[in-house]
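Reader: I would like a close look at one part of this model, the place where the two chains meet. Please describe it in one connected answer.

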Amino acid sequence: MVLSSQCIMQPKPKKMRIKVNGKLGKGVVPKDVVLYIISRLTAAGATGYFIEFAGEVFEQMSMEGRMTVCNMSIEMGARGGMIAPDETTFAYIKGREKAPNGEAWDKALAYWKTLKTDEGAAFDIEYEYNAADIEPMITYGTNPGMGMGITRHIPSAAEAGGSKASYEKSLNYMGFREQDEMLGKKVDYVFIGSCTNGRIEDFRAFASIVKGRKKADHVTAWIVPGSHIVEQQIKEEGILDILTAAGFQLRQPGCSACLAMNDDKIPAGKYAVSTSNRNFEGRQGPGARTLLASPLVAAAAAVTGVVTDPRSLMAE
Amino acid sequence: MAYDKFTILRSTAVPMPIENVDTDQIIPARFLKATERKGFGDNLFRDWRYEADGTPKKDFVLNNPIYSGKILVGGKNFGSGSSREHAAWAIYDYGFRCVVSSFFADIFKNNSLNIGILPVQISAGFLDKIFTAIEADPKTALEVNLEAQRITILSTGESESFEINGYKKHNLMNGYDDIDYLQSMKADIESFAAKSIY
């Protein structure tokens, strides 16, 4: 469609605003914010909508963090996720290779400043959450909405809602039971990468946890930069040295284990803590068991070999 | 004409009372490297359908000869997850022309419409009725009437209406797709593109 017409046909979507107030706690990062939101809305909760993410948490978030959040809008069914442009946005764009310059920049900037939502604009539906309620997240099931705070227990079918048979099928596939704790569960693979968390800030976060520690012996770790540019930055910033000292190696930039189209497949029955965006049955390989999480949770699992709260490995 | 016109379909139906059927199940990623649409039906629900060594899984509905037909009936949020258009291709290539559910994921719904599969969205109650009817009699026949926007359980006459976007309905009834429509608007598209802001 795009190649033949330069267009995407899109009927006007319904409008959803999701506001998250307050400041994120230690060890809580944008990936946790979006996993939290999806756990509240479910995998179908935003179907037919475009979402505007608003509130202090997003105003304070870096561009890469905003990209992580918007990337997973589809996982709650929304075709689009947006965050209003602000000084953070403009600073990110200025000076980049294809950014407008000189007079064109001034024109563009003036236009971009008009793009935020008007005061009092009406949305078809709005949700509001507090940063204080968000802890490091992890998924336990077979869709991105089946996630919870890492210190919690897997809900019962009744608590989860929806079809009991489908819920049981999901837990059965994962080899988990209702009320199980996630903390302490053995991890076989760790994957950091994907379009969701394959940017330089994600690798900085990963390195901050593994620095001075060693990869757990039984864990296979795939460290996959999102692009050659990120790979280059990882080297320039000394992150590669930190990773190497801890027993990690970089792999070729690409989608890798997110969807197992190449050889980076998780074997059947094995558990992978993954910074990607989808944990469907067989997503990372037939029989693979995916636990979606942030780069901090992935790093913590990589060095301890079990599902671990990253805050327990961070300085006060 | 991009695909066969859809007017009235009378057929038995294959029941899949599973919620949140995602497109990774419908067509796993490792099959997305093919460059032709033909043959995708062989890999429809591949990992639910076959063991790793290719043996059919006895318990899976597509391997059970008592169920057949051009209609697939799925639990709510059918087609969720990845946008892969190949999911709709696999369903069409296998032989289905209609998917019935109480809720469809948005992108899958559009991909289906574009290829000539009619997604029929009905109430949770009527979906239950259909599953119950098929469970009692695997040869339960359904009639899907696009013009009247009505789906009927033929043995009992119970029916329900369904919604469909007028433009999509017109396309489906005539075998057109979005590209035909967009091509007809070329001049408008070009004049809009010429009005760049910066």
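Author: What follows is an account of the contact between the chains.

This is a predicted model, in which local features need pLDDT of at least 70, side-chain atom pairs count only at pLDDT 80 or more, and totals for chains, interfaces and linings use all residues. Residues are numbered from 1 along each chain as its sequence is written, chains are lettered from A and ligands numbered from 1 in the order in which they are written, and side-chain values use heavy atoms, with hydrogens and water left out.

Counting contact as heavy atoms within 4.5 Å, 32 residues of chain B touch 29 residues of chain A. Together the two chains bury about 2700 Å², of which 63% is on carbon and sulfur atoms; buried area is the accessible area (1.4 Å probe) that two parts lose on being put together, summed over both.

Two salt bridges are counted between chain B and chain A, a salt bridge being a side-chain nitrogen of Lys or Arg within 4 Å of a carboxyl oxygen of Asp or Glu. B:Asp24 forms a salt bridge with A:Arg283, and their closest N and O atoms are 3.0 Å apart.

On the side of chain B that touches chain A, the elements giving two or more residues are helix 1 (23-26), helix 2 (46-49), helix 4 (106-115) and helix 7 (178-183) of chain B. Helices here are DSSP runs (H or I, at least four residues), numbered from the N terminus. Helix 7 of chain B gives the most to that side, with five residues.
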